[in-house]
Amino acid sequence: MMLLVKLGYRNIWRNRRRTFLTMSAMAVATMMVILMLGIFDGMLWSMIDNATQMYHGHIKISAKGYFDERKVHQTIDENGLSEAITSNSLVTGVAGRVRGFMLLSCGEGDDSHTQPAEMFGIDPAEERNVTKLETQVKVGTFVTGSAPHEIVLGNGLALRLEASVGDEIVAMGQASDGSIAADIFHVTGIINTSDPLRDASLAVVGRKTLQTMMVLEGQLHEWAISLDRPIGAKQWADEFQKEHDDIEVLPWTAFLPTMGQSLEMMKAMKMVLGGIFYFAVILVAVNTLYMAFFERLREFGIMGAVGMKKSRLSLMILLEGFFLSGIAGITGGTAGNLISWYLSENVVDLSALFPPISYAGTVFLPELRCYLAVENMLIPVVMMILLGMVVALFPAHRIMKLKP
């Protein structure tokens, strides 16, 4: 067996130039597949992170039907589920929220401006464990939760109201008991979540203030949850839903359905493009191995005539394919993983080429990054090695039919 291994390794270097060109093509293909998978996942998970970590969270828990109807009285108890949620080891953060749709006015007399807005009541200490909303304040400061009349406006809403930091905002709407909910707020900051549609209607206030204003003391419209692995959100939501039938538990794939569809579409695109790369590699490898096979027909005949079994000759060809693809796969895999690691740590800014793009409730940032995943780093290398051996099956099969 060791003799066949030595012969197989030495044989691939008989024609060094041809072997080097073939290995180079296979190594570059492996490297490109790894980079392609990493960049695709980087783009997708960047969009998912922007959607979930900037505003939504990975899981939302609410009263049944709230996300469809958004009625102010559809609430859940503020103290009912907090212990059950926080005791789960997969949960990294949880934040209670209250929402109210109101009219906001800024200015007096003929200079006043009125716009509809979504009052988003949060506890800043809880929210920073779930989203990065606080980091998106571009002017002024975020709500502290301790002062009762603080408000942070989305930059689009601020432009429509012609409001700036320090201005007074009058909010008016309907409370949960049917009475008029009204209060005066002071603008402490302007926020930009990079989603123009959201920023045109978002007004962030303290949760306690909004609960009092809307007569919702001790009640929430939703719990927002952050998990350590966003990809496992659906499984977590399904398991929690089975334990609590009286509420509605939604993963990010449910309240951001287009993002869930994009995830599936991206998987299909990766398979198609990977197949194209591998098909090109197969053509190159088949050409090399068949050329080597036909050049050595006389040699194989002599080896068979002096007693070498055809099965051992076939095994030697398979070993040649293994060495050819193995060296190329490991070399290309190493290069691809190093570049992917670099791009995961050092994001390439592409803002000079195109601006941020809003899509499906999230934002595609103009940057190039890689997302490191074990399957993306190992599968292309293993596939390349296996392909080399599969390609070698064809000349190995021909040897079995060879008549010395």
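Residues are numbered from 1 along each chain as its sequence is written, and side-chain values use heavy atoms, with hydrogens and water left out. Because the model is predicted, local features need pLDDT of at least 70 and side-chain atom pairs count only at pLDDT 80 or more, whereas totals for chains, interfaces and linings use all residues.

Visitor: Which helix gives the most residues to the lining of the largest pocket?

Guide: A pocket is here an open set of points on a 1 Å grid over the protein atoms alone, where a 1.4 Å probe fits, with protein on both sides within 12 Å along at least five of seven lines, and lining residues have an atom within 4 Å of a point. The largest pocket has a volume of about 570 Å³, the space filled by probe spheres set on the points, which are joined across faces, edges and corners. Helix 2 (16-56), helix 11 (257-295) and helix 14 (374-400) each give two or more residues to the lining of this pocket, helices being DSSP runs of H or I with at least four residues and strands runs of E with at least two, numbered from the N terminus. The most, eight residues, come from helix 11.

Visitor: Which residues lie closest to the centre of the second largest pocket?

Guide: The second largest pocket holds about 430 Å³ of space, and helix 2 gives the most to its lining, with seven residues. Of the 21 lining residues, the closest to the centre are Trp45, Ser46, Asp49, Gln53 and Arg369.

Visitor: Is Glu78, which meets Lys208 in a salt bridge, buried or exposed?

Guide: The salt bridge, defined as a side-chain nitrogen of Lys or Arg within 4 Å of a carboxyl oxygen of Asp or Glu, joins Glu78 and Lys208 at 3.6 Å, N to O. Lys208 counts as exposed at 52% relative accessibility, where exposed means over 50% relative accessible area, buried under 20% and partly exposed in between, with a 1.4 Å probe and protein chains only. Glu78, with a relative accessible area of 10%, is buried.

Visitor: How many residues apart in sequence are the parts tied together by Glu127 and Arg97?

Guide: The side chains of Glu127 and Arg97 meet in a salt bridge at 2.6 Å, N to O, and Glu127 is buried at 2% relative accessibility, as is Arg97 at 0%. Because Glu127 lies in helix 5 (residues 124-127) and Arg97 in strand 3 (residues 91-106), the pair ties together parts whose separation in sequence is 30 residues.
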